[in-house]
Amino acid sequence: MFDKENFLNPYIGGILLGLLLVLTFFLFGRGLGASGTFDRLVAFFLGILAPSWIKAHPYWQKYFHSGHTPLNNFLVFLAIGVAIGGFFTGKIMGKTQVQVQKGPRATSRERLIWAFIGGIIMALATRFARGCTSGQALTGGATLAAGSWLFMMGFFISGPLVALLVRKLWR
Amino acid sequence: MGPVFKIFALPHWLYITSAIVTGVFFGAILTVSGFISTRKLTGVFYFDDFAVLKVLFTGIVVGSIGIYLLGDLGTINFQKIYISKTFWVSQLVGGLLFGIGFMLSGYCPGTSIVSAAVGSIDALVVIVGMLAGMLLFGLGYNLWKGIYLAGESGRITLSQVLGINHWVIIGLLVVIAVFMYIHVEMFEKK
């Protein structure tokens, strides 16, 4: 059931993830997601700096319609749980370690610069896609939402191509 | 009887607590599956570790069977659940960009959270990058609003697009999954 690195068999992991998704729909009427939290965090801080500006902003105003803070949201609570669950599971598995993960041929400096740039591009990607691997690929995929399958198609086309270009970062 | 929190007027603290507990399980599954490791995550596109593909696709298949089964049984009211709207142009662009961001950063947004939680500095930098990216998207919104709203097609599913019953599609997904897994397992053994 566990491999030599102590990671769970991926088919069992997938079944658990699928069951969790079904339970989430049964309880909350919606699926899992991650990227929305980062957008809401940004909107929250901008809301402190410039409250009237953001409430009229063409993109961010949607987070202020309810009258609550953008952080009072399912995805944000979920993300807090994800961090807690990740930390304790890592602790139990003996995998907590302060480190920079990278391939053997990359320097830490290169790795961190690309991590930052990759983070920017990934954030933009999630806005155009309306979600990420959790909200679109997994949740959208399981509800058979048409756009989610297009998102996955795009991801599985550009991913392997970029992998060729950045091999030095990872292998 | 479901979705529980949309149909019954339950207290907000219970909603918050349940959402956090759901997140704990989500984070635990991502971590125990090894998605704290960039080597494992990027392996899906270097064809030396297909865990991402196996977990994600199995999750989709099991999830779709469960969601549509409960929907057909009336346990979940399909009118009250959230199904992502399709903006086919924008989402295709998003998918293409996502592959770039994923391979440069080594994570997706959810896995960056668990990896940062177990101590990866690089994951923390990815999160900072994502916050910068979110800021950039909102500030430049008028520049790419045209793409963002392009291809709006409403709340449509594959079964509506193709005009086929959802169980036929889910059946096809199962067949594709099994076919894919057999080949991937043979490939990994080489």
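Trainee: Is Pro109(B) buried or exposed?
Mentor: Keep in mind that this is a predicted model. Pro109(B) has 31 other C-beta atoms within 10 Å, and the cut-off for buried is 20 or more, so Pro109(B) is buried.

Trainee: Which element is Pro109(B) found in?
Mentor: Helix α6 of chain B.

Trainee: And which residues is Pro109(B) in contact with, leaving aside its neighbours within four places in sequence?
Mentor: From chain A there are Ala34(A), Ser35(A), Phe38(A), Met122(A), Thr126(A) and Cys132(A), and from chain B there is Met130(B). As for Ile65(B), 44 residues away along the chain, its C-alpha atom is separated from that of Pro109(B) by 26 Å.

Trainee: What about the rest of α6(B), which residues there are buried?
Mentor: Besides Pro109(B), the buried ones are Gly110(B), Thr111(B), Ser112(B), Ile113(B), Val114(B), Ser115(B), Ala116(B) and Ala117(B). That is nine of the nine residues in 109-117, so the helix is largely enclosed by the rest of the structure.

Trainee: What follows α6(B)?
Mentor: Gly119(B) does, with a positive phi near 115°.

Trainee: OK, helix packing. At what angle do α2(B) and α6(B) cross?
Mentor: Roughly 80°, with the axes of α6(B) and α2(B) (residues 12-32) coming within 10 Å. That makes the two helices roughly perpendicular.

Trainee: Which residues meet there?
Mentor: Gly27(B), Leu30(B) and Thr31(B) come from α2(B), and they meet Gly110(B), Thr111(B) and Val114(B) of α6(B). By type, that contact has two nonpolar residues, four polar and no charged.

Trainee: Now the chain-chain contact. How many residues does each chain put in?
Mentor: Chain A puts in 107 residues and chain B 108. On the chain B side, helix α5 (residues 88-105) gives the most, with 17 residues. That side divides into 66 nonpolar, 37 polar and five charged residues.

Trainee: Which residues have the most contacts inside the largest nonpolar core?
Mentor: Leu78(A), Ile29(B) and Leu97(B), in a core of 110 residues.

Trainee: What does Leu97(B) touch, not counting residues up to four places away in sequence?
Mentor: Four residues of chain A: Ile121(A), Leu124(A), Ala125(A) and Phe128(A).

Trainee: Back to backbone angles. Which residues other than glycine have a positive phi?
Mentor: Leu144(A) is one, with phi near 65°. Phe47(B) is another, with phi near 55°. For background, most residues other than glycine have a negative phi.

Trainee: Where do those two lie?
Mentor: Both are in loops: Leu144(A) between α6 (133-142) and α7 (146-165) of chain A, and Phe47(B) between α3 (38-46) and α4 (51-73) of chain B.

Trainee: Why is Leu144(A) called buried, and why is Phe47(B) called partly exposed?
Mentor: It's down to the C-beta counts. Leu144(A) is buried because it has 24 other C-beta atoms within 10 Å, whereas Phe47(B) has 13, so it is partly exposed.

Trainee: Last one, the overall picture of chain A. How many helices and strands are there?
Mentor: Eight helices and zero strands. The C-alpha trace of chain A spans about 50 × 40 × 35 Å along its principal axes. Buried residues are 58% of the 171 in chain A. Of the contacts in chain A between residues at least 6 apart in sequence, 52% join residues at least 24 apart.

Terms used: Residues are numbered from 1 along each chain as its sequence is written. Chains are lettered from A and ligands numbered from 1 in the order in which they are written. This is a predicted model: local features need pLDDT of at least 70, side-chain atom pairs count only at pLDDT 80 or more; totals for chains, interfaces and linings use all residues. Helices (H or I, at least four residues) and strands (E, at least two) are DSSP runs, numbered from the N terminus. A residue is buried if 20 or more other C-beta atoms lie within 10 Å of its own, exposed if 12 or fewer, and partly exposed in between; C-beta atoms are placed from the backbone. Two residues are in contact if their C-beta atoms, placed from the backbone, lie within 7 Å. Ala, Val, Leu, Ile, Met, Phe, Trp, Tyr, Cys and Pro count as nonpolar, Asp, Glu, Lys and Arg as charged, and the others, Gly among them, as polar. A nonpolar core is a set of buried Ala, Val, Leu, Ile, Met, Phe, Trp, Tyr and Cys residues joined through C-beta atoms within 7 Å. Axes are lines fitted to C-alpha atoms, for helices over the stretch in contact, and angles run from 0 to 180 degrees between N-to-C directions. Angles under 35 degrees count as roughly parallel, over 145 as roughly antiparallel, 65 to 115 as roughly perpendicular and the rest as oblique.
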